[in-house]
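Thanks, everyone; I would like to take a few minutes on one structure, beginning with a single helix and then moving out to a sheet and the whole chain. Please have a look at it first.

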Amino acid sequence: VAAVARRRFCAAPADDGSAEDPEEAQPTFKASLAEPIQAAKKSDQDNRVYRPMDETVRTFLNPAHFFALLRSHGTSFFVGVPDSLLKDICAYFSDNLPKANHIISANEGTALATAAGHYLATRNIPCVYLQNSGLGNTVNPLLSLCSAKVYSIPVLLLVGWRGEPGKKDEPQHLLQGKLTPSMLREMNVPYEILPDYAEGAFEVLETAYAYMRKEQAPFALLVKKQTFEKYKLSGDQGAFCGSDMLHREEILEHIIDMFPRDPLVTTTGFTSREIFELRASKGQSHEQDFLTVGSMGHCSSIALGIAASKPSAQVLCIDGDGAAIMHMGSMVTLGKSALPNFKHVLINNAVHDSVGGQPTGASNVDFPMIARACGYRAAERARTADEIVTALRRLRDEEGPYFLEVQALPGARVDLGRPTTTTYQNKEDFMKMLDRL
């Protein structure tokens with residue numbers, strides 16, 4: 001742990017794939033096309049050059065300008081779930097809107113329902129932002145609430161397009177990215193791709209708002225990677241701090257030391273990446289770990305299914321605060337299961353760490369009290385290194401369902417990599433391990 005503690009932790013790059021730098025300006029040429037190759041030296045008075053090739057230079061949409069365009073159409077209410085491709089515009093919302101006008105939701109479905117409530121109360125069109133992987137959570141309220149065939153409620157959807165065809169991305173995003181346009185079409189939600197320059201954004205928004213006002217129905221804007229200019233989130237986002245606290249990777253090292261042979265199901269984001277690298281650094285097999293790289297909010301239910309099917313094995317779910325909040329209703333099911341071999345660890349750093357550090361709202365949530373109310377046999381919280389070790393020992397030795405919240409510092413190593421095995425390899429190795437239990 002000491003070795004890990006000496007590593008430098010900071011806010012890691014958002015989980016939006018490989019970065020792309022703006023293209024360099026093209027060189028200029030001072031020779032005239034009409035001159036022969038062996039032209040004589042040009043006069044000092046001849047200053048002719050080729051025009052700058054500015055069409056090859058990347059453009060980016062300024063968050064403040066885009067926000068002003070939305071406000072010009074009467075949109076002043078913003079609600080959603082943070083996404084790495086939208087982190088700059090989301091940061092701008094956080095810094096420039098009162099709390100009543102910007103709500104970070106538990107999941108995308110509740111975000112859409114909240115937006116519908118705003119429209120009912122004000123007649124103003126709201127904006128819902130989300131990653132395209134969250135479209136599944138919006139299906140019910142899109143089709144049975146906002147649809148023109150039901151209540152006919154216009155909402156502007158700002159959708160980060162992970163897995164965009166032709167762009168490198170992680171496996172959990174590729175199919176979702178390919179199907180995103182067809183999913184919107186099947187739900188009768190028209191869409192446009194948001195341009196990365198002001199004039200284009202103006203025209204697309206004119207089209208979107210004209211449709212929403214006429215049809216009284218949702219419209220989506222797909223946002224590609226690096227559409228927005230960089231905007232750094234400022235101020236206190238509710239993250240924990242304290243000299244006696246640990247980062248998530250240090251906590252994970254304590255967990256795998258305390259549970260050296262038990263199956264682990266780890267949540268999406270940095271957690272699964274850190275577990276993979278910790279195993280590699282220790283020369284350990286990855287077969288014990290099911291890395292839930294997608295399906296945000298569902299790792300505890302995956303672990304429940306394993307624990308119910310392998311009653312002789314102790315099964316750990318390693319959850320995150322944003323993921324747990326997204327589908328917190330599953331805690332009722334987990335508590336009611338009364339499975340003595342189910343152990344639930346929630347690492348809470350109070351921010352959406354892998355998509356920009358926006359607050360989850362978890363800093364003031366009493367998770368152990370919720371767990372006990374849901375029927376967990378025992379629940380507790382740890383914060384310091386000594387408390388964590390003691391609590392993990394009780395978690396290991398006592399019967400479940402057992403819940404442990406570990407409060408953590410935000411951030412990850414700047415050199416944090418990704419799993420080098422495929423999702424198929426991870427699944428097959430994990431299942432072979434379970435076969436032996």
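Let me start with helix 5 (residues 135-146), which spans only 14 Å between its end C-alpha atoms, whereas a straight helix of 12 residues would span 16 Å at 1.5 Å a residue, the expected span being 1.5 Å times one less than the number of residues. Helices here are DSSP runs of H or I with at least four residues, strands are runs of E with at least two, and both are numbered from the N terminus. This is a predicted model, in which local features need pLDDT of at least 70 and side-chain atom pairs count only at pLDDT 80 or more, while totals for chains, interfaces and linings use all residues. Residues are numbered from 1 along each chain as its sequence is written, and side-chain values use heavy atoms, with hydrogens and water left out.

Which residues of helix 5 are buried? They are Leu 135, Thr 138, Pro 141, Leu 142 and Cys 146, where buried means under 20% relative accessible area with a 1.4 Å probe, counting protein chains only. These residues cover an arc of only 120° around the axis, which puts them on the same side of helix 5; the arc is taken from the directions from the helix axis to the C-beta atoms. Their cover includes helix 4 (108-122), strand 4 (127-131), strand 5 (156-160) and helix 6 (171-186).

Turning to the sheet, 6 strands form an open, parallel arrangement in the order 3-2-4-5-7-6, pairing being assigned where DSSP finds at least two bridges between two strands. Strand 3 (102-104) and strand 6 (191-193) stand at the edges, each with a single partner strand, so one side of each is left without a neighbour in the sheet.

Finally, buried residues make up 49% of the 437 residues in the protein.

How values were computed. Buried < 20%, exposed > 50% of the residue type's maximum accessible area, 1.4 Å probe, protein only. Contact = heavy atoms within 4.5 Å.
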